[in-house]
Amino acid sequence: MASKPADLKRDSEFDHRPDELAELRALLLGQQIVELQELHKRLDDPNVRAAELSQVLAKAVALSLKRDRELQRSFYPIVEQALQISVARNPRLLATSLAPIIGESVRKAVANAFRSMAENINIMLERSLSFESMKWRFEALRTGKSYGEIALLRSLRYKVQQVFLIHRETGLVLQHISVQGEGVSEAELVSGMLTAIQDFVRDSFTSQHSQDLETMQAGEFLIWVHHGPQALLAGTILGTPPPELRNVFARENELIHQEFAAALASFNGDASAFDAARPHLQNCLLGQTGRPKKQSWWLVGALAFVVLALVAFGALLHRRNSRWEQYLTRLSNQPGIVVTGAERSWGHYWVWGMRDPLSPDPLQLAAESGIPAASLEARFMPYQSLDEHFQRERDFAAEKRRLEQQMVLFPVNSSVLTPDQSIRIDNIEESLNKMQETADKLGHQTKVVLSGRADHTGAETKNTALSEQRAQHVYDALRERGIPSDMISAVGLGDSEPIRHGSAAYQLEVNRSVTLKVQSQAQGERQ
Amino acid sequence: MSQVVQKKICMLGSFGVGKTSLVARFVQGIFSAKYLSTVGVKIDKKEIKVGDQDVLLMVWDLAGEDSRSQVQTSYLRGASGYFLICDGTWAETLVTAKSIHKRALEAVGDIPFVLVVNKSDLWDKWQISAPELEKLESEGWKIKLTSAKSGEGVEEMFTMLIEEVMRQQPLSNPAGEF
């Protein structure tokens with residue numbers, strides 16, 4: 001027991017009394033003391049307490065939850081912190097638990113977003129590009145209706161399946177129609193519930209009681225409601241209706257309000273007064289089929305005329321166009337013509353470039369291509385083409401020029417070729433051969449006329465004979481040298497066509513001569 | 001007169017007095033009871049003949065009232081009449097019925113109603129005293145004792161209410177064509 005001396009003394013003074021007291025206690029309380037000690041032990045020992053508490057904890061929590069929300073409030077910070085710690089330690093655990101839920105909803109959301117985007121794009125594309133939309137626009141022009149109305153009438157992407165006219169105050173159905181075979185028999189119940197849901201949404205979610213529920217959607221099923229002061233017009237729609245449909249609902253509901261104002265105000269459950277409103281509801285039952293087309297024949301005729309006129313105009317343009325193109329091609333393919341530019345505007349044509357003088361006349365070619373020369377302005381700089389054809393033409397022209405400058409002279413009153421003139425015959429023969437060679441390549445037919453002359457002294461008849469003899473002698477000399485007979489011919493001009501007029505010796509001398517004149521024709525041309 | 005007249009009536013009362021089961025066997029519906037707990041209302045219909053007039057009752061079963069939530073009186077709008085339903089074995093529900101009646105009076109005015117005291121089959125546990133009901137009757141209340149279990153009084157309660165409704169709101173052309 002206690003070891004301090006002072007306590008020892010006090011204990012000894014009273015030590016008989018505790019014993020007695022203990023004895024008395026044992027006598028009186030006996031079993032209770034043992035129980036009390038056990039209780040003490042249970043209360044003091046945390047392990048025992050924990051074991052006992054664990055048995056009743058669940059029950060205690062359940063009881064507390066039944067009583068009030070105090071336990072939730074107390075637990076809330078603990079749960080929050082525990083969650084934080086858990087996420088910080090092992091984020092994968094929470095991620096794995098949530099993945100099935102989040103994955104599913106994300107997939108759904110993304111799929112929905114893509115579907116609606118795709119639908120929108122589809123509608124936009126179809127509306128803006130399709131033949132159908134052009135048809136609608138034309139119909140809108142013709143009938144004086146708006147494009148939207150026409151699109152609404154012709155669109156097939158949605159279908160109004162049922163239309164309800166519902167009394168706003170009571171939620172009772174005033175009139176109901178549906179596409180054949182797709183109605184519900186419980187229109188009254190649906191009407192009532194529709195009204196109830198309106199009230200429910202208004203009361204629960206909107207701060208202003210004037211806000212109305214106008215659209216409900218379940219999958220591809222849609223409910224549109226137009227709210228009038230006395231009645232609602234609701235439609236169940238399958239598909240994606242165009243926004244214009246709302247205007248139809250609004251318009252019909254307004255008309256119903258006008259026509260049935262009194263009946264709506266005094267409605268007491270008898271819906272027969274609204275049988276006459278069926279056509280208005282019918283007007284809302286859109287989208288099922290296109291209406292029969294009413295096309296008048298004069299319109300078809302007018303359209304055909306316009307189309308024909310357009311086609312004719314197009315053909316004319318095309319012809320003009322192709323003529324011009326053909327002309328330019330032909331011009332460009334022409335040796336000795338280089339086209340550097342061309343323009344065309346409102347029936348006038350301009351072309352410019354470079355042209356070898358030996359090439360064909362562009363204006364002449366234009367006329368041949370059907371382009372009036374008057375409407376064409378051609379500006380071509382002259383140049384010498386190195387084209388082989390032109391080179392030959394030039395050679396031919398040079399040879400021809402050389403031949404025509406040749407002159408075989410004779411003494412007075414003589415037709416005999418003097419030896420020095422024989423050299424000239426040799427030169428002539430050489431030139432003739434060269435010229436013939438080039439002419440063959442060019443396809444030209446050539447003929448050389450040998451013209452004999454005499455001076456005007458002496459008798460005229462004598463002079464004529466003399467000139468003939470002179471030409472004949474040159475002819476013979478050339479024939480002797482191998483020039484074919486069909487190439488040359490000889491004529492005597494007498495003194496009628498002197499090369500030089502006058503009586504001076506040098507003037508008379510050149511008139512006693514034979515000269516050459518080359519006649520050439522391109523092959524194919526008429527002789 | 002062949003034309004069916006539609007009337008909207010509501011069922012009001014404490015939570016658990018058996019409103020829904022009271023009419024379940026007597027009405028035609030397509031909506032499940034879960035509408036009551038979600039939207040707070042479930043609508044059924046009942047055809048009834050009053051005299052030679054066919055009446056189609058649209059029965060709006062409003063979610064029961066308890067300490068936490070009151071009946072949404074906006075659902076009462078446009079109703080031609082209503083039932084106040086209480087439980088004969090549970091005195092407190094009559095108190096609630098009275099307070100609902102007061103609020104209904106404010107919301108839709110003085111329209112026909114019938115106090116329905118349900119569970120008439122449980123006489124041994126009855127808590128509502130006859131004098132109490134007699135007092136209400138003397139104030140002009142129409143009262144009907146019913147049993148959802150046996151079906152006793154259910155048809156009559158509808159007839160009782162609708163006759164009162166038709167008396168107060170006669171058709172605009174009672175003579176009709178006949």
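Visitor: How much of the contacts in chain A with a separation of 6 or more comes from residues 24 or more positions apart?
Guide: That share is 63%, where contact means heavy atoms within 4.5 Å. This is a predicted model, so local features need pLDDT of at least 70 and side-chain atom pairs count only at pLDDT 80 or more, while totals for chains, interfaces and linings use all residues. Residues are numbered from 1 along each chain as its sequence is written, chains are lettered from A and ligands numbered from 1 in the order in which they are written, and side-chain values use heavy atoms, with hydrogens and water left out.

Visitor: And what's the figure for chain B?
Guide: In chain B, residues 24 or more positions apart make up 71% of the contacts with a separation of 6 or more.

Visitor: How many helices and strands does chain A have?
Guide: Chain A has 18 helices and twelve strands. Both are DSSP runs numbered from the N terminus, with helices being H or I of at least four residues and strands being E of at least two.

Visitor: What about chain B, and in which order do its elements run?
Guide: Chain B has five helices and seven strands. From the N terminus on, the order is β-α-β-α-β-β-β-α-β-α-β-α.

Visitor: What fraction of chain A counts as buried?
Guide: Of its 527 residues, 33% are buried. Buried means under 20% relative accessible area, exposed means over 50%, and partly exposed is in between, using a 1.4 Å probe and protein chains only. For chain B, 52% of the 178 residues count as buried.

Visitor: OK, the interface. How many residues are in contact there?
Guide: On the chain A side 24 residues are in contact with 30 residues of chain B. Together the two chains bury about 2300 Å², 58% of it on carbon and sulfur atoms. Buried area here is the accessible area (1.4 Å probe) that two parts lose on being put together, summed over both.

Visitor: How many salt bridges cross over?
Guide: The rule finds two across the interface, a salt bridge being a side-chain nitrogen of Lys or Arg within 4 Å of a carboxyl oxygen of Asp or Glu. One of them joins Asp199(A) to Arg77(B), with the closest N and O atoms 3.2 Å apart.

Visitor: Which helix gives the most to chain A's side?
Guide: Helix α9 of chain A, residues 187-205, gives the most, with twelve residues.

Visitor: Switching topic: how many salt bridges are there over all chains?
Guide: A search of the whole structure finds 20. One pairs Arg481(A) with Asp426(A), N to O at 2.6 Å. That pair links distant parts of the chain, 55 residues apart: Arg481(A) sits in the loop between α17 (460-480) and β11 (488-492), and Asp426(A) in helix α16 (residues 419-442).

Visitor: Are those two buried or partly exposed?
Guide: Both are partly exposed, Arg481(A) at 28% relative accessibility and Asp426(A) at 35%.

Visitor: What does Glu70(A) pair with?
Guide: Glu70(A) meets Arg73(A) in a salt bridge at 3.6 Å, N to O. They are separated by about one helical turn because they are three residues apart in helix α5 (residues 70-89) of chain A. Glu70(A) is partly exposed at 41%, and Arg73(A) is exposed at 52%.

Visitor: Last one: where does His257(A) lie, and what does its side chain reach?
Guide: His257(A) lies in helix α10 (residues 244-259) of chain A and is buried, with a relative accessible area of 13%. Its side chain reaches the backbone nitrogen of Gln230(A) at 2.9 Å. Leaving aside neighbours within four places in sequence, the contacts of His257(A) include Pro229(A) and Leu264(A).

Notes. Polar contact = N/O pair within 3.5 Å; in protein donor to acceptor, adjacent residues only side chain to side chain.
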